[in-house]
Protein chains: 2
Amino acid sequence: MNGQGTAIVVGVGLIGGSVALALRRAGWYVVGVDTDAATAQHALATGVVDEVGGLGPCDLAVIATPVNLIAGLVQAALDAGAAVVTDVGSVKAPLAALLSDGRFVAGHPIAGSEQDGVSGANADIFSGSVWVLCPTADTDDAALSRVKEVVSVFGAQVLVMSPERHDELVAVVSHVPHLTAATLMRVAANHAEQQRNLLRLAAGGFRDMTRVAAGQPSIWPAICTQNSKAIVNVLDDLLTDLAWLREAVANQDEPALLTHLEGARVARRNLPTTAPDAQNMSEMRVPVLDRPGELAAIAVLATELDVNIFDLEIAHSSEGPQGVVVLLVESETAPKLSIALRERGYRPSIQPLG
Amino acid sequence: MNGQGTAIVVGVGLIGGSVALALRRAGWYVVGVDTDAATAQHALATGVVDEVGGLGPCDLAVIATPVNLIAGLVQAALDAGAAVVTDVGSVKAPLAALLSDGRFVAGHPIAGSEQDGVSGANADIFSGSVWVLCPTADTDDAALSRVKEVVSVFGAQVLVMSPERHDELVAVVSHVPHLTAATLMRVAANHAEQQRNLLRLAAGGFRDMTRVAAGQPSIWPAICTQNSKAIVNVLDDLLTDLAWLREAVANQDEPALLTHLEGARVARRNLPTTAPDAQNMSEMRVPVLDRPGELAAIAVLATELDVNIFDLEIAHSSEGPQGVVVLLVESETAPKLSIALRERGYRPSIQPLG
């Protein structure tokens with residue numbers, strides 16, 4: 001035991017193991033739980049966890065299993081007496097629909113690797129990455145603040161958004177790219193059956209594009225099922241664009257191809273870093289009565305307005321029943337959130353950082 | 001001037017500049033030619049070339065322009081008195097159909113970068129990479145041997161194949177992946193128009209997959225036109241597989257998705273390195289009369305049989321009219337080449353290296 005408290009990590013694979021290492025580095029005592037005894041023992045032997053155990057009372061439980069198991073294990077962790085529970089799954093809306101306990105904060109670190117399992121675990125993979133949190137109206141302020149503090153210590157950039165918005169976005173930047181990489185690899189492998197040396201011509205570009213296809217396949221079918229609608233929507237867009245491209249190549253329409261590729265280049269070069277650009281950000285301060293649920297209520301209002309929150313905290317007054325919720329939002333989205341807050345009786349102030 | 005002779009490099013962009021640097025390092029005197037005077041001067045100022053000039057007599061000319069300009073510039077270099085001419089374009093069959101001068105050896109280094117232009121030039125990009133050569137029945141042995149020696153000194157692994165086979169293979173491992181990366185980037189950018197923060201969720205996998213889309217777009221329309229048939233063929237395969245995948249996701253067919261992803265993983269993990277595996281290779285020695293055209297004739301026969309050659313040289317006897325062509329081929333392909341050679345009166349011997 002030590003100053004931070006006891007954390008239970010359920011599922012000590014690549015991400016769970018990395019969370020365990022990051023927690024230990026931050027001063028937590030970490031109990032690892034895994035249905036695979038060998039994995040759990042390996043995690044213990046390699047210093048990823050302090051002990052191997054089961055669910056029980058704890059200060060924090062992190063569920064890091066395949067997505068189809070998360071809801072049941074979150075509930076089990078809550079039932080076993082965890083003070084705060086979060087998860088790291090890549091689909092959030094089904095969880096939010098199933099769980100309404102104030103101690104649960106749905107999360108998703110946007111980090112990964114083509115490595116497998118606990119041997120690929122690394123506390124540094126979260127540094128500089130985005131960690132999405134999806135609180136609901138049921139979420140306790142204390143639970144939200146605690147999870148936010150923990151992942152900030154890991155070096156991650158918190159981004160608060162609605163579960164539905166999260167699921168749409170990861171379909172675009174993670175799920176469909178992953179499926180496309182796998183499909184490109186299969187198309188190449190099929191061609192290589194007739195011509196073994198084909199793959200020897202694969203240079204860095206192809207290797208980069210297909211690297212994620214080397215990752216653990218077993219987690220993906222459940223992700224596809226849970227996020228089926230958003231993935232199908234993005235795949236339809238991709239199929240439409242690729243069919244258009246196929247016609248442009250068949251028709252040798254060089255101007256159209258150039259326009260297509262130039263647009264892609266501009267977009268790729270403008271790909272933002274994970275860190276928000278302070279020039280475009282504003283700090284919003286919202287005085288609140290110091291009562292439970294104020295932080296979550298404001299966060300959920302923002303996400304309903306499609307205002308993403310890049311940082312959030314609640315500052316409690318040392319005297320009296322006052323507190324201040326402090327949010328970091330993009331400046332262009334601040335006015336609509338401010339108006340909505342005023343309609344609900346809050347008196348927010350906005351301070352542009354740029 | 002120096003021991004290796006004078007080389008003229010036409011087009012001192014990323015690849016041409018890299019070839020120029022590699023040639024200089026190998027002891028060549030390099031003249032740079034570029035239609036853009038500023039590019040040529042920049043190449044001179046940064047030590048990529050020894051001088052800026054035009055076409056003229058030389059020991060070696062390397063044409064490193066966009067593919068639509070290559071055939072005309074190869075002919076111009078030949079007409080100007082180049083002893084040997086090669087090119088670095090990524091489409092080979094149209095060139096082979098247009099050019100029949102024995103001094104021309106069509107080539108393609110499988111190397112690149114998302115960088116642009118001469119400022120990204122780097123002599124090391126060829127080290128360990130594959131450099132395809134596509135000789136024809138017209139190709140002089142001396143020209144083929146010379147180009148092979150030069151690129152071997154760059155650290156590249158020579159791979160001899162037919163122009164048609166080359167074009168099919170690069171459609172699979174380079175052209176279609178590039179177009180897919182650009183299209184994925186555009187799909188993401190279109191979604192991001194409604195949701196600016198979407199791209200902030202792009203982690204390493206997405207960044208790796210779309211990196212090539214940041215490269216110079218202007219070279220691609222002509223590549224697509226010249227290799228239109230092969231690219232359309234591979235895009236059709238990709239569209240078919242992605243449409244199948246879309247149905248599997250829509251139907252939440254988890255077993256089918258798992259099989260798809262597992263196949264991709266196995267293929268990705270088995271992606272061969274560029275270096276041939278000596279265990280599977282055989283050296284074939286073919287005694288020949290020491291007369292012009294023997295090396296090219298044997299190389300072309302091999303490519304017609306779909307036998308790729310990983311190394312080749314002609315050893316001339318110091319006495320008498322005998323020589324030996326030495327080829328490195330995959331052991332499983334050696335017998336069919338041996339039979340075809342015997343049918344043509346050669347008496348090859350095979351020595352497995354493994």
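Predicted model: local features only at pLDDT ≥ 70, side-chain atom pairs only at ≥ 80, totals over all residues.

Colleague: How do you know that domain 1 of chain A and domain 2 of chain A are in contact?

Modeller: Two residues count as in contact if their C-beta atoms, placed from the backbone, lie within 7 Å, and by that criterion 15 residues of domain 1 of chain A are in contact with 14 residues of domain 2 of chain A. On the side of domain 1 of chain A that touches domain 2 of chain A, the elements that give two or more residues are helix 3 (67–79), helix 4 (93–98) and strand 7 (130–134) of chain A. By class, that side of domain 1 of chain A has eight nonpolar, four polar and three charged residues.

Colleague: What makes helix 5 of chain A roughly perpendicular to helix 11 of chain A?

Modeller: The axes of helix 5 (residues 141–153) and helix 11 (residues 294–304) of chain A cross at roughly 75° and come within 7 Å. Angles of 65 to 115 degrees count as roughly perpendicular, and therefore helix 5 of chain A is described as roughly perpendicular to helix 11 of chain A. The contact is made by A:D141, A:L144 and A:S145 of helix 5 of chain A, together with A:E294, A:L295, A:A296 and A:A299 of helix 11 of chain A. The residues of this contact in chain A divide into four nonpolar, one polar and two charged.

Colleague: Why are the two copies described as related by a two-fold rotation axis?

Modeller: Chain B is superposed on chain A by a rotation of 180° with 0.0 Å of shift along its axis, at an RMSD of 0.0 Å. The two copies are thus related as by a two-fold rotation axis. In chain B, the C-alpha nearest the axis is that of B:M209, which lies 2.0 Å from it.

Colleague: How do you know that the same surface serves both copies?

Modeller: Of the contact residues of chain B, 100% recur in chain A, and on that basis the same surface serves both copies. The contact takes 83 residues from chain B and 83 residues from chain A.

Colleague: Which helix of chain B gives the most to the side that touches chain A?

Modeller: Helix 6 of chain B gives the most to that side, with 19 residues. Helix 6 (163–194), helix 7 (204–210), helix 8 (220–226), helix 9 (228–250) and helix 10 (254–269) of chain B each supply at least two residues of the side that touches chain A. The residues on that side of chain B divide into 50 nonpolar, 19 polar and 14 charged.

Key:
Residues numbered from 1 in each chain as written. Chains lettered and ligands numbered in written order. Helix = DSSP H or I, 4+ residues; strand = E, 2+ residues; numbered from the N terminus. Nonpolar A, V, L, I, M, F, W, Y, C, P; charged D, E, K, R; others polar. Least-squares fit on C-alpha atoms with pLDDT ≥ 70 in both. Axes fitted to C-alpha atoms, helices over the stretch in contact; angles between N-to-C directions. Parallel < 35°, antiparallel > 145°, perpendicular 65-115°, else oblique.
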